[in-house]
Amino acid sequence: MEIAIDIHNLTKYYGDLLAVNRINFQVKQGEVFGFLGPNGAGKTTTQRMLTTLLEPTEGRIQIYGHDLAQDPMPVKRQMGLVPEESNVYTELTAWGNLMFTAKLYRVPPGDREPRARDLLETFGLWEKRHVKVEEFSKGMRRRLSIAMAIIHRPSLLFLDEPTPGLDAQSARAIRKMIRDLNAEGTTIYLTTHQIEEANQLCDRVAIIDHGQIAAIDTPEHLKAAFQKVQSVEIALSPDGGTHGERLKTLPGVSQAVKRGDKWRLYTEQPSALLPRLVEYAEKQNAKIVSLCTLGPSLEDVFLQITGQEIGAVQHKTKTSTGKIRKGGR
Amino acid sequence: MSRGWITRLQDEISQAWAVAVKDVRVYYLTPPMIMFGLMLPLFLFFSFSIKREIGLEIGLARLLALTTFFTASSAGPVIIPLERRVGTYDRLLTAPMSLTTLLLGKTLVGAFFATLVSAVPLLISILGLGVNLADPGLLLISVPLASLAFSAFGLVFASIPTRSVGNIMMPSTLVRWPLMFISGIFIPLEEMAPWARTLAYFSPLTYAQDLMNHAVLGKGFLNPWIDAAILPLLLILFLIPAARLHHRSRVLGY
């Protein structure tokens, strides 16, 4: 398989702050590659360097064999970018936005209108094509932003946090669109902190933490490498608030975490824990509403690697985030 | 020139035009912008002309110089940081066009707007007040030339690495307003002390005012062809720091 993106020792300093520290990885042509990390870990900085918006301090980026620093134009023609904030012109209509982007990317004049129509229909915006975007909902703007990013039919699409803040229907539509584009041959580079989204969509994921690649593999391989974070999930009735402390003391349980009305108990031996839980419920006069064993999720892997909850910001990175945002993160 | 270069040039011109047309539609042809473009130079003109018994022609030459200067150099410093803040500037920077093309597109639209706004007092003066132009042909090239140079001048401030319009307005105001007073607009070059005239030569507005004087009044202090040659040179000169500041923005991440 050909290599779409090849990164070698990529480094970025903001003043004295090291945001990305000599990272190396490759993205294969035709794959959906997820780039995961907590806030301030260096995800967006890396993506901005890959899309020519930010100059690396050191290192080399090659996209489709072109050195991005020396020869960016062929790469720019082949890539599309959907940033975290939908960067559409709210003063223009959906049609006006698409026409402008088509001209910017030199889409042949005869192809512009058919492609715009096709995209607007695909994204459910055709009826609103003459409405100014300022009247669009967040989900509609997001869909338009994606349509604008692909009107020139890029072979490489960068998406930065494409679904947070959207309703379930819009998020599902966008995930379907990502799958469809990938099925048509588009290489997808997905920056996200939505672990489950990455799990569902990505062929491979890289986890970045404190500016360094902490792991890179397929979601299933990563999960397999972390068998120690298997768990048993139990829902008890009545759901007393004191179960956690007591469940944690059961033999073999390393951690008890409340998830909604359930408790997730981490253990290396789920099968040995099951009879102990039944016994516990009987002693507590509690009814077991549900009980199941779970393999490690990608989120568990992420937590093991980064040592923090998704979206949490450690003190060190908090400082960096503030500094980086000031500089354009 | 190879075919590849010709195609590339065609592409870049079309892209610069697309950026200019988009900016006109999105930012320029809005009532506040038109009012600002017309009113500010008019207020400035009246502030420094009332009760000074200047002729209509002198007044028109001043007004045209002020209009091109303030209108062309005002919009850029507002639009680029605004586009940076909402993320639309990233769309332009990632598009397959050179930075020069982007800057030229932005320059073009500021110049177009200033030329359009300048046409209002010009038409009123000619049709309503009966002002006679000494050299209408020269005026026809001097207004766009001055507008292009001043639009690029505004772009230098617009390129400062920031997403806040406020951060740009202060340096822009601090530089542009003093230039108005040293440029032979209110004190003609021939009446200036030698040191003041030397200072005036450092202002781009000096050459626009002198050229407007030639076109409207039929007389100026410098050779009109020197004025007409310096303005496009200034356009190129101003694009250099604008491009460098854009590069700095790429390093800093704005």
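Val32(A) sits opposite Ile188(A), a residue of β8(A). That is one contact point of a pairing in a predicted model. β3(A) covers residues 32-36 and β8(A) covers residues 187-192; they run parallel, joined by 5 bridges. Strands here are DSSP E runs of at least two residues, helices are H or I runs of at least four, and both are numbered from the N terminus. Two strands count as paired when DSSP finds at least two bridges between them.

Next, β9(A), residues 204-209. It also pairs with β3(A) in the parallel sense, over 4 bridges. Leu36(A) has Ile207(A) as its bridge partner there.

So what about burial in β3(A)? Val32(A), Gly34(A) and Leu36(A) point one way, Phe33(A) and Phe35(A) the other, and all are buried. Buried means 20 or more other C-beta atoms within 10 Å of the residue's own; exposed means 12 or fewer; partly exposed lies in between; C-beta atoms are placed from the backbone. With 5 of the 5 residues buried, β3(A) is largely enclosed by the rest of the structure.

Now chain B. It has 10 helices and 0 strands. Its radius of gyration, taken over C-alpha atoms, is 18 Å, close to the 18 Å of the globule rule for 254 residues, so chain B is as compact as a globular protein of that length. That rule is 2.2 Å times the number of residues to the power 0.38. Buried residues account for 47% of chain B.

On conventions: residues count from 1 along each chain as written, with chains lettered from A and ligands numbered from 1 in written order. Local features need pLDDT of at least 70, side-chain atom pairs pLDDT 80 or more, while totals for chains, interfaces and linings use all residues.
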